[in-house]
Amino acid sequence: MNDAMEDGSATNDRETDEAQGLRKIIHVDMDAFFASVEQRDHPELRGKPVAVGGSGGRGVVAAASYEARKFGVRSAMPSITARRRCPDLIFVRHRFDVYKQVSQQIRAIFRHYTPHVEPLSLDEAYLDVTEDLHGIGSATRIAQLIRAAIREQTGLTASAGVSYNKFLAKIASDQNKPDGLCVIRPGEGAAFVATLPVRRFHGVGPKGAEKMARLGIETGADLAAKDIAFLRAHFGSFADYLYRAARGVDLRPVRANRIRKSVGGERTYGEDISSGHALREALDAIVDIVWDSIERTGARGRTVTLKMKYTDFRIVSRSRSLSRNVADKQEFARLGHELLDAMLPLPLPIRLMGLTLSNLDQGDAQRDDRPQDTAQLSLL
């Protein structure tokens with residue numbers, strides 16, 4: 001277990017945080033979730049390179065085990081490329097029903113400690129434990145207890161980051177993966193971020209990192225040295241996020257029990273996508289996940305929106321509204337593909353795609369704690 005930066009006493013935690021008016025945020029991220037579930041349920045796969053996804057000529061890797069990642073296999077990679085990098089790669093078909101069941105177990109563990117849980121996807125969530133249900137007081141201790149409970153109840157491992165805002169907690173959860181814990185204490189955020197390569201910033205992909213390198217920005221410290229005018233000139237609306245992130249600042253609250261105005265999801269890809277075949281396959285995978293959420297919530301809506309982010313960070317979206325509710329999954333998928341086809345060929349590859357159902361019936365705009373249209377469908 002890679003626990004790092006152990007917490008002090010619960011009393012000291014409470015006194016310090018209350019004096020500074022800070023929150024206690026935990027970001028929990030399951031380790032190679034889909035692939036780990038398959039290795040758990042199929043012992044013959046343990047210790048071997050595993051990819052969840054289709055192995056055919058047009059197949060795409062949905063998730064890769066850590067053994068496969070050592071060979072450079074990543075999610076959203078064409079299966080033929082993955083096989084070339086790792087000839088011994090074992091492909092298994094996805095079992096979304098099983099992944100969802102395990103995800104529900106994990107969320108029940110979260111809610112044992114706090115009602116303030118913001119799921120991002122099946123395999124990760126933010127928790128605000130500033131006031132936990134059992135008076136433990138120490139966010140790090142709660143993270144340790146959660147990780148132990150996940151291991152005991154599911155047989156899987158999770159990594160966690162603990163800090164005073166969501167941005168830092170998410171960065172921390174990735175610091176000691178797999179099966180790790182990292183704490184960024186009050187006053188340490190800016191210094192911690194300064195040492196990181198910009199590629200570690202959520203939302204900065206390979207192409208974005210290359211563009212930053214050409215501008216002399218390779219670390220958080222380099223980014224913090226640029227003023228907001230410079231960043232806006234080169235990164236547009238993304239500049240404000242970069243400016244705050246470089247200083248370890250994030251004022252977003254953990255949003256539990258939100259009013260649902262839409263149901264959907266978006267996915268950031270490890271490798272840029274440009275070909276029509278790959279884009280259509282990526283959209284099909286998102287349709288599968290999003291429609292399942294639509295069915296579980298009972299949502300009914302009239303507008304389908306396709307969102308994409310190009311490699312230069314420009315975001316484009318296209319919508320189609322009906323005079324009635326979308327009838328079924330087939331119509332939802334058809335509308336999404338019509339929106340996509342109307343945009344092809346793309347001027348640049350994309351690094352993010354999302355699909356959303358909105359204009360919900362008033363009765364469907366109820367409080368819900370499931371991911372909204374900003375959720376990351378990591379490990380599709």
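Reader: What share of the chain's contacts with a separation of 6 or more comes from residues 24 or more positions apart?
Author: This model is predicted. Take the contacts in the chain with a separation of 6 or more. Residues 24 or more positions apart account for a share of 68%.

Reader: How many helices and strands does the chain have?
Author: Both kinds of element occur in this predicted model. The secondary structure comes to 14 helices and 15 strands.

Reader: What percentage of the residues in the chain is buried?
Author: Buried means under 20% relative accessible area. The chain has 380 residues. The buried part of them is 52%.

Reader: What percentage of the accessible surface belongs to carbon and sulfur atoms?
Author: The accessible surface of the chain comes to about 16700 Å². Carbon and sulfur atoms hold 49%.

Reader: How far apart are the end C-alpha atoms of helix H5?
Author: Helix H5 covers residues 96–113, which makes 18 residues. At 1.5 Å a residue, H5 should span 26 Å. The model agrees with that, because the end C-alpha atoms of H5 are apart by 27 Å.

Reader: At what angle do the axes of H5 and H6 cross?
Author: Two packed helices are described by the angle between their axes and the distance between the axes. H6 covers residues 139–154. The axes of H5 and H6 come within 10 Å. They cross at roughly 145 degrees.

Reader: Which residues of H6 make the contact with H5?
Author: The crossing of these two helices, H5 and H6, is right-handed. From H5, the contact uses Val102, Gln105, Ile106, Ile109, Phe110 and Tyr113. By class, the contact has 10 nonpolar, three polar and no charged residues. The H6 side is Ile142, Leu145, Ile146, Ala149, Ile150, Gln153 and Thr154.

Reader: How many charged residues are in the contact of H13 with H14?
Author: The axes of H13, residues 276–297, and H14 come within 10 Å and cross at roughly 145 degrees. The crossing of H13 and H14 is right-handed. Among the residues that meet are Arg280 and Asp284 in H13, and Lys329 and Asp341 in H14. By class, the contact of H13 with H14 has nine nonpolar residues, two polar ones, and a charged count of five.

Reader: Which elements do the buried residues of H14 pack against?
Author: H14 has 15 residues and should span 21 Å, and its end C-alpha atoms agree at 22 Å apart. The buried residues of H14 include Phe332, Leu335, Leu339 and Met343. They pack against H13, E12, E13 and E14.

Reader: Is Gln39 buried or exposed?
Author: Gln39 is found in helix H2, residues 33–41. Leaving aside neighbours within four places in sequence, its contacts include Leu45, Arg46, Ser65 and Glu67. Its relative accessible area is 11%, and the cut-off is under 20%, so Gln39 is buried.

Reader: What is the phi of Ala32?
Author: Ala32 sits in the loop between strand E2 and H2. It is buried, with a relative accessible area of 3%. Ala32 is not a glycine, yet its phi is positive, at about 45 degrees.

Reader: Which residue does a cis peptide bond join to Pro178?
Author: Pro178 is found in the loop between H7 and E9. Asp179 lies in that loop too, with a positive phi near 55 degrees. The cis bond has an omega of about -5 degrees. The partner of Pro178 is Lys177.

Reader: What is the omega of the cis peptide bond between Leu344 and Pro345?
Author: Pro345 is found in the loop between H14 and E14. A cis peptide bond joins Leu344 to Pro345, and its omega is about -5 degrees.

Reader: How far apart in space are Pro349 and Ser274, C-alpha to C-alpha?
Author: Pro349 lies in the loop between H14 and E14. It counts as partly exposed, at 26% relative accessibility. Pro349 touches Asp272, Ile273, Ser274, Tyr310 and Thr311, not counting residues up to four places away in sequence. Pro349 and Ser274 are 75 residues apart in sequence, but in space the C-alpha distance is 4.3 Å.

Conventions: Residues numbered from 1 in each chain as written. Predicted model: local features only at pLDDT ≥ 70, side-chain atom pairs only at ≥ 80, totals over all residues. Heavy atoms only, no water. Helix = DSSP H or I, 4+ residues; strand = E, 2+ residues; numbered from the N terminus. Expected span 1.5 Å × (residues − 1). Axes fitted to C-alpha atoms, helices over the stretch in contact; angles between N-to-C directions. Left-handed = near helix turned anticlockwise from the far one by under 90°. Contact = heavy atoms within 4.5 Å. Nonpolar A, V, L, I, M, F, W, Y, C, P; charged D, E, K, R; others polar. Buried < 20%, exposed > 50% of the residue type's maximum accessible area, 1.4 Å probe, protein only. Areas by Shrake-Rupley, 256 points an atom, 1.4 Å probe, with all protein chains shown as cover.
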